[in-house]
Amino acid sequence: MNLAGSLFSSSVGRKILMAVTGVILIGFVIGHLVGNLQIFSDPDHINGYGAFLHRLGPLLWAARIGLLLAAGIHIWAATVLTLENRAARGVGYGVAYTLQATLSSRLMRWTGVVVLAFLLYHLAHFTVGVAQPATYKENLAHYTMGGEYRIAGFPVVKAGAEVLDVYNMVIRGFQNPLVSLFYVVAVGLLSLHLLHGFDSMFQSIGWRSAKWSGCLRRIAIAFCLVYFLANAAIPGAVLLGRLQPHAAAPALTQR
Ligand code: HEM
């Protein structure tokens, strides 16, 4: 059997697939967070960044398809491994180990399901615009860039360009406390999911030796805590009034 075939058909292969797709998904959530944190700067930043992404056209679609594939394989491998573990439960392990493994995998399953539900809501909210249609329509009116947007020193969106108003859409969306609360709870559960994901990944690739496990766990906890706080800071700052919609941009009032 070829390598791809054995990755999908053996349980070790499925664990490797879970770890690799998990790393791809973690890469995305970190990149997405870094992009979103630009909301703490001038509206030109996050709006220029959004315009830059949309202008990537086929490349953006390739990245979206890659992410969807990674998420699909991750969920498929998790489901098959869970069913296999369930079938083998109790064989060859002590009671305490089995109990701990069961609790941890149950947590992974439930946080995974909530993260998936959050993601569907999130796409309906900010990408398709059906969750808060009034906010979405009002704020996806065009915004005129005050200055140019640069990445690594290269100008990628010109001053004066008319772009989508991601800044106001996100802030007005989070002014609804229920929406903000849902985001904070969801990123909290996502952070727990990541924490246990790191544990299983370190276990699968054999890095959880007695010497390293304490250190790796502390790094994983610190990472997940920073990830949670940085995400929660966005709805938090909106609810505390630290982030306010910018005064209607000229193009917003003219249209
Ligand atoms: C406070 C937290 C977050 C904010 C402010 C935020 C903001 C946004 C915005 C504005 C978009 C629309 C981008 C566009 O089409 O222009 C978006 C898309 C997206 N977000 Fe988030 N997001 C947050 C958290 C998350 C988390 C935790 C995840 C992962 C579980 C996530 C996954 C996605 C995905 C997959 C897309 C679709 C990307 C695409 O269509 O290209 N987001 N987000």
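Let me start at the ligand. In this predicted model, 19 residues surround the ligand, and the closest are Asn36, Gly50, Phe126, Thr127 and Ile234. By class, that shell has 12 nonpolar residues, six polar ones and one charged one.

Where does the shell come from? At least two residues each are supplied by H2, H5, H7, H8 and H9. H5, residues 95-127, gives the most, with six residues.

Now to helix H9, residues 210-239. With 30 residues at 1.5 Å a residue, H9 should span 44 Å, and its end C-alpha atoms are 44 Å apart, so the two values agree. H9 does bend, by about 35 degrees, at Ala233. A proline, Pro235, follows that bend within four residues.

Which residues of H9 are buried? They are Cys224, Asn231, Ile234, Pro235 and Val238. Ile234 is also among the residues closest to the ligand. In general, an α-helix has 3.6 residues a turn, so residues three or four places apart point the same way. The cover over the buried residues of H9 includes helix H2 at 11-36, helix H7 at 166-174 and helix H8 at 177-204. After H9 comes Gly241, with a positive phi near 80 degrees.

One last item, away from the helices. Ala152 sits in the loop between strand S2, residues 149-151, and strand S3, residues 154-157. Ala152 is not a glycine, yet its phi is positive, about 50 degrees. Is Ala152 buried or exposed? Ala152 has 5 other C-beta atoms within 10 Å, so it counts as exposed; the cut-off for exposed is 12 or fewer.

Note on methods
Residues are numbered from 1 along each chain as its sequence is written. This is a predicted model: local features need pLDDT of at least 70, side-chain atom pairs count only at pLDDT 80 or more; totals for chains, interfaces and linings use all residues. The expected span of a helix is 1.5 Å times one less than its number of residues. The bend at a residue is the angle between axes fitted to the seven residues ending there and the seven starting there. A residue is buried if 20 or more other C-beta atoms lie within 10 Å of its own, exposed if 12 or fewer, and partly exposed in between; C-beta atoms are placed from the backbone. Two residues are in contact if their C-beta atoms, placed from the backbone, lie within 7 Å. A residue is near a molecule or strand if its C-beta atom, placed from the backbone, lies within 6 Å of it. Ala, Val, Leu, Ile, Met, Phe, Trp, Tyr, Cys and Pro count as nonpolar, Asp, Glu, Lys and Arg as charged, and the others, Gly among them, as polar.
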